[in-house]
Amino acid sequence: MKFAAIFVLFANAFSAGMMFLASVFISRYGGKELFGFFSVVLGVVVIGAKITTLGLDVAIVRFLPKYRAEGQLSASGGIKRAAIGITLFLSVVSAISFAVMLHYFRGFPVPVATAAAAALPLAALLGVFQNIIRADGNVSRAVVGEAIVRPTVFMALILTMHFLWIPSIGNFGIGLAYSIALGLSLSVSIALVVSDRKVNWGGRITLRSKHLREWLSHGINLLLSESSTALLNQAPILLAGVLLSAAEAGEMSAVIRLAMLVIFALTAVQSIITPFLSQAMSRNNTKELQALVARASAFTMIVAVPVCGGFVLLAPQLLGFFGDGYVTAVPLLRIMLGAYLLYAAAGPAVALLTMTGHHKVARTVVCSAATAMIVLGAISMTFGGLVPAVWVAALIVAVYPLILAILCRKTLGVDPTVLSLRYLVAR
């Protein structure tokens with residue numbers, strides 16, 4: 001587990017670094033308008049990919065360890081194949097709808113709309129195949145496609161397009177490059193699944209109504225939580241693109257994406273410990289649960305504190321990479337950095353609740369936070385612009401994880417926050 005944690009941490013750090021460089025390149029060579037377009041499309045793809053899985057991608061991580069322990073091989077094959085089939089159908093329909101909206105409502109040419117929308121089903125299927133790998137304990141291999149292949153290929157393609165193919169990369173080039181990068185990432189994940197025989201394509205499977213209800217009941221709650229979490233992170237950018245301008249969406253995107261680097265270690269840790277949390281819960285082992293989340297919180301804060309501190313000090317230089325027009329957002333970046341540090345301090349509360357059968361509680365809190373983000377964010381942007389919108393976003397980002405952590409303590413008797421480090425000291 002320690003090796004997996006280190007590998008996933010560095011893979012996520014590499015991904016964050018490469019996407020930061022790609023964002024800087026797009027902003028500097030394409031301007032705020034192009035960066036705003038990319039940010040809005042990326043936000044739609046992230047949210048759409050979550051919704052079109054119906055939560056079955058995360059349900060896979062919840063149920064596969066259980067089925068493996070109980071020897072239910074046919075049910076194990078059933079949930080995998082059902083998740084792939086449902087996601088493929090829904091994501092393709094959603095991609096077509098997204099392309100139509102881009103063309104008819106936003107006025108983008110058909111090639112641009114098609115290139116951008118193609119990323120949606122690729123991202124959705126990538127999430128499913130990653131979790132098939134992750135559910136069997138191979139958490140380090142699960143991130144190869146998304147965290148290594150995707151950012152590397154995307155960066156290489158936009159550089160190639162700009163300097164060797166297209167004199168000035170535009171909306172079509174950005175959309176095409178990102179879709180190709182996701183396609184290659186998906187291919188790598190599929191190859192890993194096929195080579196390890198994670199899905200028994202020809203064997204007998206179980207698709208009983210009882211199992212389907214169980215998967216969808218858990219999946220829909222997880223869908224609401226996962227999509228709401230994605231919406232919480234992407235809503236300020238999307239709202240800025242709709243209510244303000246593409247340029248201001250680019251500015252908001254720079255602030256949000258830099259601030260979110262504070263929690264990339266937490267994201268990595270949650271992806272690692274989810275199958276282990278499920279196993280510990282199946283054994284009703286509270287001490288094991290506490291030990292897992294305490295180590296996860298320690299790992300998270302070791303990374304989050306220096307990243308946050310460094311970014312606060314270097315905020316002018318970091319935003320300056322995007323262009324001269326971004327430096328005015330330094331105070332906004334520092335506000336969001338503080339909010340995400342509090343987010344990190346709350347620990348892996350979401351993973352703990354969803355993997356221990358309390359997904360409905362997590363769903364309620366996260367959905368309420370996402371609703372507040374949309375409503376209050378829209379009001380603040382309409383009447384005040386970016387500054388009050390950032391304060392609203394920071395308040396919501398800082399508060400809702402702490403509420404989840406309190407609920408973990410009350411329902412499970414497990415403290416996921418930075419205060420859980422006392423358990424490691426006691427040992």
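Start by selecting Tyr340, which sits in helix 14, residues 330-345. Keep in mind as you look around that this is a predicted model.

**Stop 1: Tyr340**

Is Tyr340 buried or exposed? Its relative accessibility is 0%, so Tyr340 counts as buried. Leaving out neighbours within four places in sequence, Tyr340 is in contact with Asn233, Ile256, Ala259, Met260, Val262, Ile263 and Val397. Pick Met260 from that group and draw a distance between the two C-alpha atoms: Tyr340 and Met260 are 80 residues apart along the chain, yet their C-alpha atoms are separated by 6.6 Å.

**Stop 2: the whole chain**

Zoom out and switch to a cartoon view. Of its 427 residues, 57% count as buried. What share of the contacts with a separation of 6 or more comes from residues 24 or more positions apart? In this protein chain, that share is 82%. The next stops show some residues that meet in this way.

**Stop 3: aromatic rings**

Colour the aromatic side chains. How many aromatic pairs are there? The count comes to 6. Select Phe37 and Phe108 to see one of these pairs: their ring centres are 4.9 Å apart, and with 50 degrees between the planes the pair is tilted. This pair links distant parts of the chain, with Phe37 in helix 1 (residues 2-51) and Phe108 in the loop between helix 3 (73-104) and helix 4 (110-117), 71 residues apart. Phe37 has 8% relative accessibility and therefore counts as buried, since the cut-off is under 20%.

Move along to Phe38 and Phe154, another aromatic pair. This one is stacked, at 5.4 Å centre to centre and 15 degrees between the planes. Here, too, distant parts of the chain are linked: Phe38 belongs to helix 1 and Phe154 to helix 7 (residues 144-165), 116 residues apart. Both Phe38 and Phe154 are buried.

**Stop 4: Ser185**

Next, select Ser185 in helix 8, which covers residues 171-195. Why does Ser185 count as buried? The reason is its relative accessibility of 0%. Setting aside residues up to four places away in sequence, Ser185 touches Leu126, Gly145, Val149 and Arg150.

**Stop 5: the largest pocket**

Finish with some empty space. Rolling a probe the size of a water molecule over the atoms shows where such space is left. The largest pocket in this model holds about 730 Å³ of space. To find it, select Val40, Val44, Phe98, Leu102 and Leu238, which are the closest to its centre among the 29 residues that line it. Helix 1, helix 3 and helix 9 (209-244) are the elements that each give two or more residues to the lining. Which element gives the largest share? Helix 1 does, with 10 residues. Colour the lining of this pocket by class, and you will have 20 nonpolar, 7 polar and 2 charged residues on screen.

Key:
Residues numbered from 1 in each chain as written. Predicted model: local features only at pLDDT ≥ 70, side-chain atom pairs only at ≥ 80, totals over all residues. Heavy atoms only, no water. Helix = DSSP H or I, 4+ residues; strand = E, 2+ residues; numbered from the N terminus. Buried < 20%, exposed > 50% of the residue type's maximum accessible area, 1.4 Å probe, protein only. Contact = heavy atoms within 4.5 Å. Phe/Tyr/Trp six-rings, centres within 6.5 Å; stacked < 30°, edge-to-face > 60°. 1 Å grid on protein atoms, 1.4 Å probe; cavity = no way out; pocket = protein on both sides within 12 Å on 5 of 7 lines; lining within 4 Å. Points joined across faces, edges and corners; volume = space filled by probe spheres on them. Nonpolar A, V, L, I, M, F, W, Y, C, P; charged D, E, K, R; others polar.
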